[in-house]
Amino acid sequence: MARPGAACPPPARRVMVAARALLFWALVYSYCGVCACIAGLRLLWSIGRRPGETFRWVVRENPPACLNDPSLGTHCYVRIKDSGLRFHYVAAGERGKPLMLLLHGFPEFWYSWRHQLREFKSEYRVVALDLRGYGETDAPSHKENYKLDCLITDIKDILESLGYNKCVLIGHDWGGMIAWLVAICYPEMVTKLIVVNFPHPSVFTEYILRHPSQLIKSGYYFFFQMPWFPEFMFTLNDFKVLKSLFTSHATGIGRKGCRLTAEDIEAYLYVFSQPGALTGPINHYRNIFSCLPLQHHEVIMPTLLLWGERDAFMEVEMAEITRIYVKNHFRLTILSEASHWLQQDQPDIVNKLIWTFLKEETTRKRE
């Protein structure tokens with residue numbers, strides 16, 4: 001009999017690894033099935049109540065004027081040599097100034113950074129990117145093209161294509177996940193890291209397994225593993241789910257926040273109602289369970305984490321735990337009245353906190 005603490009022989013270890021993997025994927029697909037059943041019941045309820053409204057989908061041929069507002073910057077495109085993909089971004093501020101690169105979340109696009117494009121262009125070349133599969137950026141058809149490795153490499157390649165070797169990197173939600181990973185994998189390219197409402201990826205994967213409440217809040221991760229059905233559910237009632245995410249009492253911007261205007265909502269509806277526009281964004285999630293947990297964890301640059309305490313999707317306890325993975329100056333600010341959509345919800349406060357962090361770190365470095 002092997003003594004306690006002794007290493008398992010290779011065959012036993014392989015069996016344990018296989019058993020854990022089987023249990024993990026059984027959990028993933030079981031929860032995926034539960035989420036699909038709930039979605040199916042909601043669909044049947046909607047059809048029963050308003051069959052005519054359920055499948056209504058307004059064709060939006062022309063973008064609202066806000067998407068071409070010159071005060072937000074210039075629409076630009078860059079084609080990456082290795083992948084061959086063309087990326088769309090909006091840039092504000094003079095070329096040659098330090099680069100501030102902004103990565104949006106789901107279901108968002110470059111426009112979610114409109115307040116920051118206006119604010120930081122005085123001292124930075126501010127670039128708000130449409131991530132792979134979003135908006136006017138190319139959207140590969142296979143889900144394998146959306147693995148985290150590809151998304152991380154995109155940011156590295158875009159940085160180089162823009163003529164920079166480093167930047168201030170800011171990410172929100174899923175863009176925050178990518179920002180953390182870029183900072184871990186390419187630390188020399190990130191002078192300062194700012195993340196909005198997303199914990200360090202290792203915190204997220206460890207926390208979700210121990211807290212059923214967060215598992216429920218992250219149910220859409222599992223629901224998105226299904227082919228085509230999630231996209232279909234988003235289109236119902238002329239994208240009612242999309243509107244509700246930003247406006248409902250449960251998940252939207254609160255009454256004390258800077259609510260989206262009718263034109264802002266129309267901008268989101270225009271982008272995501274285009275044919276096939278939802279598949280690329282949802283494909284980002286269809287590879288996550290094969291890419292986590294991480295092998296490398298540490299973040300070595302100064303980091304600011306901003307968090308809306310009323311986030312309906314991420315529990316605030318993960319924010320403080322994130323501290324242990326940052327091996328440099330770490331600042332955490334939690335805004336008690338703010339939602340998940342923090343940089344749109346409280347733009348003035350968020351911008352002020354970012355300015356303070358950037359200038360504080362610059363002063364400290366000079367000293």
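View 1. Four bridges join β3 to β5, and the two strands run parallel. Strands are DSSP runs (E, at least two residues), and helices are DSSP runs too (H or I, at least four residues), numbered from the N terminus. Two strands count as paired if DSSP finds at least two bridges between them. Leucine 103 stands opposite glycine 171 in β5. Six bridges join β5 to β6, also running parallel. Here histidine 172 stands opposite valine 196 in β6. This is a predicted model: local features need pLDDT of at least 70, side-chain atom pairs count only at pLDDT 80 or more, and totals for chains, interfaces and linings use all residues. Residues are numbered from 1 along each chain as its sequence is written, and side-chain values use heavy atoms, with hydrogens and water left out.

**View 2. The two faces of β5.** Cys167, Leu169 and Gly171 point one way from β5. Val168, Ile170 and His172 point the other way. In a regular strand the side chains alternate between the two faces of the sheet. Six of the six residues of β5 are buried, so the strand is largely enclosed by the rest of the structure. Buried means under 20% relative accessible area, exposed over 50%, and partly exposed in between (1.4 Å probe, protein chains only).

View 3. Eight strands form an open sheet in the order β1-β2-β4-β3-β5-β6-β7-β8, with mixed pairing. The edge strands are β1 (74-79) and β8 (330-335), each pairing on one side only. From one strand to the next, the twist averages 20°. Five bridges join β3 (residues 99-103) to β4 (residues 125-129), and these strands run parallel. Leucine 102 has alanine 128 as its bridge partner in β4.

**View 4. Helices α4 and α5.** Helix α4 (residues 148-161) lies across β1, β2 (86-92), β3, β4 and β5 (167-172), at about 145° to β3. Angles run from 0 to 180 degrees between N-to-C directions; axes are lines fitted to C-alpha atoms, for helices over the stretch in contact. The axes of α4 and α5 come within 9 Å and cross at roughly 75°. That makes α4 roughly perpendicular to α5. Angles of 65 to 115 degrees count as roughly perpendicular, under 35 as roughly parallel, over 145 as roughly antiparallel, and the rest as oblique. Leu148, Leu151, Ile152 and Ile155 in α4 meet residues of α5, including Trp174, Met177 and Ile178. Contact means heavy atoms within 4.5 Å.

**View 5. The nonpolar core around Leu193.** The largest nonpolar core has 119 residues. Such a core is a set of buried Ala, Val, Leu, Ile, Met, Phe, Trp, Tyr and Cys residues joined through side-chain atoms within 4.5 Å. Trp174, Leu193 and Tyr221 have the most contacts inside this core. Leaving aside neighbours within four places in sequence, leucine 193 is in contact with residues including Leu169, Trp180, Met301 and Phe357.

**View 6. Helices α9 and α10.** The axes of α9 (residues 229-247) and α10 (residues 262-272) come within 10 Å and cross at roughly 140°. That makes α9 oblique to α10. Among the residues that meet are Phe239, Leu242 and Phe246 in α9, and Ile265, Tyr268 and Phe272 in α10.

View 7. Isoleucine 334 is found in β8. Isoleucine 334 is partly exposed, with a relative accessible area of 37%. Isoleucine 334 touches Trp307, Glu309 and Val316, not counting residues up to four places away in sequence.
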